[in-house]
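Reader: Could you walk me through reading this model, feature by feature?

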Amino acid sequence: SPEYNTGEKDSKQKNRVKEILEYAESLTLVFAVMLLIFTFIARPATVDGTSMLPTLEDQERLVISNLFYEPKAGDIVVLCGEADKEEGRTLIKRIIATEGQTVDIDFEAGEVYVDGEKLSEPYILEPTYLDEGTEFPLTVPEGEMFVMGDNRNSSLDSRYWTHKFVPREDILGKVFLRYYPDIAWI
């Protein structure tokens, strides 16, 4: 009978609408979880340039996190490029000193000192010979960091910027994983 077909058709349509709504709800939940992960737990970053050679190469893909992160010397971080001529870009640098520490560089010997102690820096490409007019020693102000690239003589970093230090709030996160071209913990 025609009434029976109409009821069956309505039931199928209702089931189809219900399936679509459930699918949309699932997609919304997945999107919300991804947003939370990328906002609070981890987010991707791409190396742009050679300032972190040999540790990181141009176009490598990284994962960074700011969750429960307290900056410390030696960490590789991604920061807002608010420094001279870098505005709008993200930068990847190594923290050399944190608040209250004093940085000094012996450009003749190519050595970096923090609080009077020479840093052991097996990660750098070559010793630090270029001073670019910065006068050392420098003491890092409260809530800020002094950063440098591992490719010391080809890195625009705290030594070159007008404001020598990076505020804590400009650090987007610590690099903890490289996932391209291969996977490696940093």
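This is a predicted model: local features need pLDDT of at least 70, side-chain atom pairs count only at pLDDT 80 or more; totals for chains, interfaces and linings use all residues.

Reader: Let's take strands. Which strands does β11 pair with?

Author: Helices and strands are DSSP runs numbered from the N terminus (helices H or I, at least four residues; strands E, at least two). Two strands pair if DSSP finds at least two bridges between them. Here β11 (residues 171-180) is joined to β2 (residues 61-65) by five bridges, running antiparallel. Three bridges join β11 to β3 (residues 76-81), antiparallel again. Then β12 (residues 184-185) pairs with β11 over two bridges, also in the antiparallel sense.

Reader: And which residues stand opposite each other?

Author: Start with Arg178 in β11: Leu62 stands opposite it, and Arg178 also stands opposite Ala184 in β12. Ile171 in β11 stands opposite Leu79.

Reader: In what order do the strands of the open sheet run?

Author: The order is β7-β6-β5-β8, four strands with antiparallel pairing. The edges are β7 (117-118) and β8 (138-139), each of which pairs on one side only. Zoom in on β6 (residues 111-114), and you'll find two bridges joining it to β7, antiparallel. Tyr113 has Lys118 in β7 as its bridge partner.

Reader: Now the loops. Is Glu60 buried or exposed?

Author: Buried means under 20% relative accessible area, exposed over 50%, and partly exposed in between (1.4 Å probe, protein chains only). Glu60 has 7% relative accessibility, so it counts as buried. You'll find Glu60 in the loop between β1 (43-46) and β2.

Reader: What does the side chain of Glu60 reach?

Author: A polar contact is a pair of N or O atoms within 3.5 Å; within protein, one must be able to donate a hydrogen and the other to accept it, and residues adjacent in sequence count only if both atoms are side-chain atoms. The Glu60 side chain reaches the backbone nitrogen of Glu57 at 3.0 Å. For contact in general, the cut-off is heavy atoms within 4.5 Å. Leaving aside neighbours within four places in sequence, Glu60 is in contact with several residues, including Ala45, Thr55, Arg178 and Tyr180.

Reader: And what about Asp157: where is it found?

Author: Asp157 is in the loop between β9 (144-148) and β10 (166-167). Asp157 counts as buried because its relative accessibility is 0%. Its side chain makes polar contacts with the side chains of Ser155 (3.1 Å) and Arg159 (2.9 Å). Not counting residues up to four places away in sequence, Asp157 touches Lys93, Val147, Met148 and Gly149.

Reader: What should I look for in the backbone?

Author: Most residues other than glycine have a negative phi, and most peptide bonds are trans. Now look at the bond joining Leu53 and Pro54: it is cis, with omega about 0°. Pro54 sits in the loop between β1 and β2. A cis peptide bond also joins Phe136 and Pro137, with omega about 5°, and Pro137 is in the loop between β7 and β8.

Reader: Which way does phi go at Gln59, positive or negative?

Author: Positive, near 75°, and Gln59 isn't a glycine. Gln59 lies in the loop between β1 and β2, and at 38% relative accessibility it counts as partly exposed. Asp115, in the loop between β6 and β7, has a positive phi of about 50°. Asp115 is partly exposed too, with a relative accessible area of 45%.

Reader: Last one: what lines the largest pocket?

Author: Rolling a probe the size of a water molecule over the atoms shows where empty space is left. On a 1 Å grid over the protein atoms alone, a cavity is a set of points where a 1.4 Å probe fits but cannot get out, while a pocket is an open set with protein on both sides within 12 Å along at least five of seven lines; lining residues have an atom within 4 Å of a point. The largest pocket is lined by 14 residues, with Asp48, Ser51, Arg89, Leu91 and Lys93 nearest its centre. Strand β4 (residues 89-98) gives the largest share of that lining, five residues.

Definitions and conventions
Residues are numbered from 1 along each chain as its sequence is written. Side-chain values use heavy atoms; hydrogens and water are left out.
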